[in-house]
Amino acid sequence: MTRARILLADDHAMICAGFQKILEPSYEVVGSVGDGLALLKAAAEFKPDVVLLDIAMPLLNGLDAARELKKTMPQMKLVFLTMNSDSDIAGEALRVGASAYLLKNSLASELLQAVDHAVKGKVYVTPQISRALEETFARDPKAAGRLKHLTGRQREVLQMLAEGRLMTEIAGILGISHRTVRFHKARIMEELEITTNAELVHYAMKNGIISRT
């Protein structure tokens with residue numbers, strides 16, 4: 001029987017190595033990447049059955065990477081493995097198409113269980129947050145984790161600005177002009193009704209776009 005192929009995405013190389021050791025007896029790990037933009041490229045190249053990814057990643061966070069992956073490869077299974085126990089963020093992950101959501105303090109056996117569920121077309125949520133997630137959906141099934149409308153490019157620029165990157169650096173990474181980055185920043189702040197960089201960073205942290213740590 002052909003083993004499911006898994007791509008790992010986490011900005012800590014040692015963590016990826018640990019995941020690979022846990023998964024390889026049962027699955028084929030086709031590669032690992034350290035940021036969200038690299039994930040999109042690697043997924044297009046390797047076309048894995050499952051992507052194991054974190055929420056907080058440089059350049060493009062896991063939620064936005066997941067949205068892009070589901071647009072181009074809707075059949076791909078997404079398993080979030082993260083330190084983020086916020087039920088609103090977990091709810092947003094499921095909304096964008098995640099098959100599983102679990103925390104990095106989970107046992108290795110739970111990781112294997114979550115991946116097995118994903119491969120079989122089932123959904124798995126760690127018991128550590130499942131009750132809180134149920135309450136989130138009961139409170140407002142549409143509002144949890146809701147972001148104001150931004151384009152995909154604006155979300156990329158927002159994340160990099162919140163990470164403290166200079167506009168010239170962002171322009172180089174995205175292959176656009178400094179003027180275009182400045183235009184996107186102005187539109188982002190207008191759309192989000194914020195006026196300072198500090199507010200921008202706070203918004204990005206609150207909505208899981210960058211890590212709180």
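1. Exposed here means over 50% relative accessible area, and buried means under 20%, with partly exposed in between. By that cut-off K120 is exposed, because its relative accessible area is 54%. The model is a predicted one. Please read every distance below with that in mind.

2. K120 has a charged partner. Its salt bridge is with D116, and the closest N and O atoms lie 3.2 Å apart. D116 is partly exposed, at 27% relative accessible area. A separate group is also worth a look: salt bridges with shared partners link D64, R67, E92, R95 and R155 into one network.

3. R95 and E92 pair in a salt bridge, with an N to O distance of 3.5 Å. The two are three residues apart in α4 (residues 87-95), which puts about one helical turn between them. R95 is partly exposed, with 34% relative accessibility. E92 is buried, with a relative accessible area of 11%.

4. D54 belongs to the loop between β3 (50-53) and α3 (62-72), and K104 to the loop between β5 (100-103) and α5 (108-119), so the bridge ties together parts 50 residues apart in sequence. D54 is buried, at 6% relative accessible area. K104 is partly exposed, at 22%.

5. How many salt bridges does a search of the whole structure find? The total is twelve. As background, side chains of opposite charge can pair when their charged atoms come close.

6. Where is T126 found? T126 lies in the loop between β6 (124-125) and α6 (127-139). Its relative accessibility is 0%, so T126 counts as buried.

7. The T126 side chain has a polar partner. A polar contact of 2.8 Å connects it to the side chain of E110. Setting aside neighbours within four places in sequence, T126 is in contact with Y101, L102, L103, S106 and E110.

Terms used:
Residues numbered from 1 in each chain as written. Predicted model: local features only at pLDDT ≥ 70, side-chain atom pairs only at ≥ 80, totals over all residues. Heavy atoms only, no water. Helix = DSSP H or I, 4+ residues; strand = E, 2+ residues; numbered from the N terminus. Buried < 20%, exposed > 50% of the residue type's maximum accessible area, 1.4 Å probe, protein only. Polar contact = N/O pair within 3.5 Å; in protein donor to acceptor, adjacent residues only side chain to side chain. Contact = heavy atoms within 4.5 Å. Salt bridge = Lys/Arg side-chain N within 4 Å of Asp/Glu carboxyl O.
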